[in-house]
Amino acid sequence: SVVRIKMKYKLLAASILATLSTSALSATYELTELGTLDGAKHSYVTDVSESGHIIGTANGLYNLPIDISYIDFTESVIENAYDSEEYNFELSDKEITFTLDDIENNDAVFNNADAHSFMVSFLAGRPTDYEYQKLSSVVGIKFDDGIVTEQILFDEESVDYDGLTRSVSNFYNAVSEDGVSVGWSAAPYDKVLFTPDDEDEEETWFTHDFIERGIVISEDGTQKVELVPDFDDYGGTSRANDIVKTNDGYTVVGYVSTGIPEDRLDNIEDNCDNEDEPTNTCVELLNSSVTTGVFDERAVKWELDEAFNITSTEILGLALTPEEDDDFAFTSTALALNNNGTVVGSSNARYYKNDDTILTMPVYFKNGDVFNFIDQEDDWLSGKALAVNDNDVVVGYASKRIETTIRDQFFYHDISTGNTVFPTGYFNSSSAYGNDINNQGYVVGEGEVGTSENSRRKEAFIYKIGDDKITNLNDLLPCYETDGETDYAYTMAEAKVINEDNEIFGVATKTVEKRDTFGNVETDIEGNIEYESVAVAVKLTPIDGEVEDCTPIEEELYERSSASFPWYTLLLLPLVGLRRVFRF
């Protein structure tokens, strides 16, 4: 009977939650939106300090600035793009509302949402064509009691239009106990005139001074310190991924360029002669065309004093020793550190079956050594360590082939014992990521749900070290809105941070009115409002209560025996998922 199914579910849910031993997990959670940047569609949390400083990113900015002054609208590349756009309108039984002439001569990008959307898509589709404007809508943000403000990293006011250039993505990664934060970005692009050697007329190109650079930002956002690499040929590279407040100042970790391998340098000298394209553009194209990039990059730890002066820079090393005949760049990166100075991240390592095969594996850096702790003989092929608590327990993910496909599996590793555990995710082939761990041993992250490759999507989980199962955080949220009938509006897609009060911060999705690239509500051809799923930054607070049974009364009986009824099938809730894009 239906009653039996509901009772079976209650008992099963109770058995799952019984393994989660603290009051925070035997209760439900209350979800609170942290806010969204005005003029942006999506918001995400990236880090939260124990003292309550919250930072993140916003994406999907409305009204991105379009510069058309340099574009030749008779070129085949843009005419073909317009023909494709017109065809897409026809497939939707719509008539296109603009022409290329409207864009060029009638200000359509400023007054026609379809024309603006077309140009945004056209430019986004040409990421390695530096003769066209570069655009990005990923920006850093701070959350403060429902007020969300942008934190500028390197962007500058444009000389071609009002406002910032909006030409680069901003990765705003970590915040200390006193609100000092770190991140990284590229230099904003400049529009320059360049004449190739075999041409008579000047051409417009978009260039910038460096590909990526780490930055430290004061709590009020006014003081900024660039983390310039010692090796800064062609701009060099650096990233800042985490920060911890110390007695003397701050420790920041990330990576930094240390050189260019000989063969990459030969590539640059042979090709980047400032004849066919600007030198910096050529180097950037080379850097994006090879897997390991142009630069040798090493995990690094910077020490800064209270005034943000860099007092020391320590290169943390690699999990391998380069040989003389190795002719490509090697990389390692530090992604997180704890209050004891233990640093975790990833590094190139040699494959145990073949020294010529180079993998990227999770590692930790301690006392001058690099420890590659994942057993390759168990067929693990890659991964990253993403967080470490003050008990030196590391979490992250590693990848191996499961059921014919490479899957990511979350792990925790205890440095003191050397023990590594890969808990089973929502099901055997579910990819999962451990994003954070608190000192009580609670891990949060996200894992795949869905019964087929096409329907897989991410939902957030919590896991207690020592237990056998992860718990879908959506099972600890209400089934319905306050009216008791409307389905709950949010689905937790990602759990990013858990603090010592077991408060969880992450990303949920919800359905809202669909908006165009100007931020106006969209309607279909019949005038009905359209809807879409957006990402919102949220906080989950543990509250007293009971886990609710969300099983629909009308659910069809499922006759299979309990032995063949896996518990994770109860967690396959619908979600218009959004994979986290900032896992670097």
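Tutor: Two strands count as paired if DSSP finds at least two bridges between them, the strands themselves being DSSP runs (E, at least two residues) and the helices likewise (H or I, at least four residues), numbered from the N terminus. Here, strand E13 (residues 249-259) and strand E14 (residues 296-305) pair in the antiparallel sense over 10 bridges, with Gly259 standing opposite Asp296 in E14. The model is predicted, so local features need pLDDT of at least 70 and side-chain atom pairs count only at pLDDT 80 or more, while totals for chains, interfaces and linings use all residues. Residues are numbered from 1 along each chain as its sequence is written, and side-chain values use heavy atoms, with hydrogens and water left out.

Student: Which strands form the open sheet with E13 and E14, and in what order?

Tutor: The order is E12-E13-E14-E15, with antiparallel pairing. Strand E12 (238-245) and strand E15 (310-317) are the edges, each pairing on one side only.

Student: How many salt bridges does the structure hold?

Tutor: A salt bridge is a side-chain nitrogen of Lys or Arg within 4 Å of a carboxyl oxygen of Asp or Glu. The structure holds 18 of them. In one, the side chains of Glu212 and Arg239 meet at 3.1 Å, N to O. This pair links distant parts of the chain, 27 residues apart: Glu212 is in the loop between strand E9 (203-207) and strand E10 (213-217), and Arg239 is in strand E12.

Student: Which residues gather in the patch of negative charge on the surface?

Tutor: Patches are made of residues with over 30% relative accessible area (Shrake-Rupley method, 1.4 Å probe) and no salt bridge, like charges being joined within 9 Å. Asp and Glu count as negative, and the charge is placed at CG of Asp or CD of Glu. The patch includes Asp72, Glu95 and Glu131. Helix H3 (76-91) and helix H4 (100-105) each give two or more residues. H3 gives the most, with four, and Glu90 of the patch lies in that helix.

Note on methods
Patch = residues over 30% accessible without salt bridge, like charges linked within 9 Å, V, L, I, M, F, W, Y side chains within 5 Å.
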